Amino acid sequence: MSLPRANSADICLLLEGTFPYVSGGVSSWVNQIIRGFPEYTFACCFVGSRPEDYGEMKYDLPDNVVHLEVHYLHDQGNKTEKKASHGNQKMFENVDRFHRMVRSGRVSEERNRLFTELIGELGDGGALSEEAFLHSRSSWDLISESYRRYSRDPSFVDYFWTVRIMHAPIWILNRIADNLIPAKMYHTISTGYAGFLGALLRRKTGRPLLLSEHGIYTKERKIDLFQSEWISDNRGLVERNNVEMAYFREKWINFFQELGRECYQASDQIVALYENNRLRQVADGAPPARTQNIPNGINLPAMQAVRAQRGDAIPPVACLIGRVVPIKDVKTFLRSMRTLVNVMPEAQGWIAGPEDEDEEYAAECHALVSSLQLEDNVRFLGFQKISELLPKVGVVVLSSISEALPLVLLEGFAAGVPAVSTDVGSCRQLIEGFGEEDRALGSAGDVVGIANPETLGHAVADLLRDEQRWYQAQQAGIRRVEKYYTQEMMFSAYRSLYQGLLTQADVVDNESSVPTLDQEAR
């Protein structure tokens, strides 16, 4: 299908691996936000890994999405001409100086000014163009000296290619920034590559940048990197220890932390879903005065209609609603079903979510069902409409090793379904309450430790078998979501942010000048 195109938009959303090509909580939230502000036109800039990693759109585009463009950071079609050159030694010395500032962990006006100067040279013909990075003597000298100065891994070849692969997306992002249609403001839904694109756009255009971080991107990438097997570690067995992280793994983690720090520094406003994540943002480099919390909100009338479809009986169904991927720890849910079925033979375990993101992991989950002899009790449903699914569910289960403020728990509460969740993100806050007044509403389920299937299974069984406790949990969840987590509350907070930042953009237009962040800070 042809993508919508426009010459400009009010708000440009910067989307990494999410809406409209990937289903999930963040994508649903993006869809919700766009539809919640029909008075604004939106451009969507989707940034993904490779074309083969995505299929067709998972969402219909709202009418106020006037522009969509799609970019891939690891598409082998992105090639530069191999043309050796000496390179601009002075500029690469500035790159080295910038990296020294990054390693110090300190943020300063000098560092921000240097970053702005460096990105101005990234384009074709610039002193730091992709061709200069890949094929100049100055670049080779910088990489070689950095290897001698910093690397704890003995392989120069692996160091050289790690540096090249790690930095290659920067030039793709710079081209995107140079060619993206004009927008009055930018809204990135993560740090990472999309957030760095936002930082480039803020520095280049002077237009306001809003960051909404659902989970902490650097934390989630760190989890991914710890699980990755493709990262080299060439130390001998004697040199390795359990305390020191493999050098290249550490280097990748530091790279994503720096992408996040640049986004934090460039953002005019920074939103977290709950207080612990806001504090984590500040610890990672976000200016405290620019941070605030806006929790997710759900469409209460729609979910009340779903609740009205429920029968009187408590369905003996535990349902995990989410993608079948390692971060959701579906295997722990499946093992917990063995415990649940042992005490409740009639219990059913449903997994409602797509399996195409990590097909190898999904196959392992199916094999685990067979090995646990749960074929009669566990069903993989694929993507499901919440409105049709929740009336049939007794308990919503989250077995994740990382979450932020999951919409699925809020939707479940509003639909009259209690929850059992691992103690991640804001899940304890959602189930037990945050603050004295909230906790007084009661517990909407139970919270258990990560990767503990037996405890998880018993918690679900205890809730399903205790009718009085189940109904108390149901009412607590309903009261909590109605008081603290409605769509109207969320829209009101974002409307204030959008209005303020769009007014800021109008001031820039009227003054016909582009202030830098450093000027604004003084």
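On helix 13, residues E359, E360 and S371 are exposed (over 50% relative accessible area, with buried meaning under 20% and partly exposed in between; 1.4 Å probe, protein chains only). They lie on the other side of the helix from the buried residues Y361, A362, C365, L368 and V369. Seen down the helix axis, these buried residues fall within an arc of 115 degrees, so they line one face of helix 13; the arc is that of the directions from the helix axis to the C-beta atoms. Their packing partners are helix 12 (330-343) and strand 10 (378-380), where contact means heavy atoms within 4.5 Å. Helices (H or I, at least four residues) and strands (E, at least two) are DSSP runs, numbered from the N terminus.

The model is predicted: local features need pLDDT of at least 70 and side-chain atom pairs count only at pLDDT 80 or more, whereas totals for chains, interfaces and linings use all residues. Residues are numbered from 1 along each chain as its sequence is written, and side-chain values use heavy atoms, with hydrogens and water left out.

The end C-alpha atoms of helix 13 (residues 359-371) are 18 Å apart, which agrees with the 18 Å that its 13 residues should span at 1.5 Å a residue; the expected span is 1.5 Å times one less than the number of residues. Q373, which follows helix 13, has a positive phi near 55 degrees.

Helix 9 (residues 247-266) comprises 20 residues and reaches 29 Å from its first C-alpha to its last, close to the expected 28 Å. Because 17 of its 20 residues are buried, helix 9 is largely enclosed by the rest of the structure. Within this helix, E258 and R261 are three residues apart and thus separated by about one helical turn. Their side chains meet in a salt bridge (2.8 Å, N to O), and both residues are buried.

In total, the structure holds 29 salt bridges, each defined as a side-chain nitrogen of Lys or Arg within 4 Å of a carboxyl oxygen of Asp or Glu. One of them joins E39 and R495 at 3.7 Å, N to O. This pair links distant parts of the chain, 456 residues apart: E39 belongs to the loop between helix 1 (25-36) and strand 2 (42-48), and R495 to helix 20 (residues 487-511). E39 is partly exposed at 44% relative accessibility, as is R495 with a relative accessible area of 29%.

A further salt bridge connects R280 and D284 (3.2 Å, N to O). R280 counts as partly exposed, at 27% relative accessibility. Salt bridges that share partners also join D96, R100, E145, R148 and R149 into one network.
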